[in-house]
Amino acid sequence: MIRKTTKLIHEGKYAAEVPIELLYSDDSWSPTMSLEEARKLEAVRLALQRGDIAEAAKHGRVFELTPVAAE
C-alpha cells in the first residue's frame, strides 16, 4: 500500500514541506520510500543550504523562519 505524507526539511532560516510517498508492506522495514523520493528530499535540503529557494520550491512549499524574541 502506498500512502502520501509530508516531510519537513529544516536548514538554517528555511524550512520546506515536501510531499512524498511511503510504501507500506508486511516487511519489518516498513514503511520505506523509493530512491527517487530520498533524492528529492536530499535535493531540497541541499537547495536550502545554498539559499536556492526557487530550486527547493520546485519540490514543495518553502518557508522562511523568523525567531520570536522571548521577554
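The model described here is predicted. Within H1, the residues that count as buried are Glu 37, Leu 41, Val 44, Ala 47 and Leu 48. Viewed down the helix axis, these buried residues fall within an arc of 125°, so they line one face of H1. The face turned away from that buried side carries Leu 35, Glu 36, Arg 39 and Arg 50, which are exposed.

The length of H1 can be checked against expectation. Its 16 residues, at 1.5 Å a residue, should span 22 Å, and the C-alpha atoms at its ends are 22 Å apart, so the two values agree. Ala 38 also belongs to H1. This residue counts as partly exposed because its relative accessibility is 34%, a value that lies between the 20% limit for buried and the 50% limit for exposed residues. Just after the helix, Gly 51 adopts a positive phi of about 80°. Most residues other than glycine have a negative phi.

## The nonpolar core

The largest nonpolar core consists of eleven residues: Ile 9, Tyr 14, Ala 16, Val 18, Ile 20, Leu 22, Leu 41, Val 44, Ala 47, Leu 48 and Ala 56. Strand S2 (14–23) and helix H1 (35–50) are the elements that each give two or more residues to this core. S2 provides the largest share, with five residues.

When residues up to four places away in sequence are not counted, Ile 9 touches Tyr 14, Ala 15, Ala 16, Val 18, Leu 41, Val 44, Arg 45 and Leu 48.

Thr 5 is located in strand S1. With a relative accessibility of 30%, Thr 5 counts as partly exposed. Its contacts, leaving aside neighbours within four places in sequence, are Val 18, Pro 19, Ile 20 and Leu 22. For one of these, Val 18, the C-alpha to C-alpha distance from Thr 5 is 8.4 Å, at a sequence separation of 13 residues.

## Aromatic rings

The structure contains zero aromatic pairs.

## The loop between S2 and S3

Pro 31 lies in the loop between S2 and S3. The peptide bond joining Ser 30 to Pro 31 is cis, with omega about 0°. Most peptide bonds, by contrast, are trans.

Asp 27 is found in the loop between S2 and S3 as well. Its relative accessibility is 56%, and Asp 27 therefore counts as exposed, the cut-off for that class being over 50%. The C-alpha atom of Asp 27 is separated by 29 Å from that of His 59, which is 32 residues away along the chain.

Technical notes: Residues numbered from 1 in each chain as written. Predicted model: local features only at pLDDT ≥ 70, side-chain atom pairs only at ≥ 80, totals over all residues. Heavy atoms only, no water. Core = buried A, V, L, I, M, F, W, Y, C linked by side-chain atoms within 4.5 Å. Buried < 20%, exposed > 50% of the residue type's maximum accessible area, 1.4 Å probe, protein only. Helix = DSSP H or I, 4+ residues; strand = E, 2+ residues; numbered from the N terminus. Contact = heavy atoms within 4.5 Å. Phe/Tyr/Trp six-rings, centres within 6.5 Å; stacked < 30°, edge-to-face > 60°. Expected span 1.5 Å × (residues − 1). Arc of directions from axis to C-beta.
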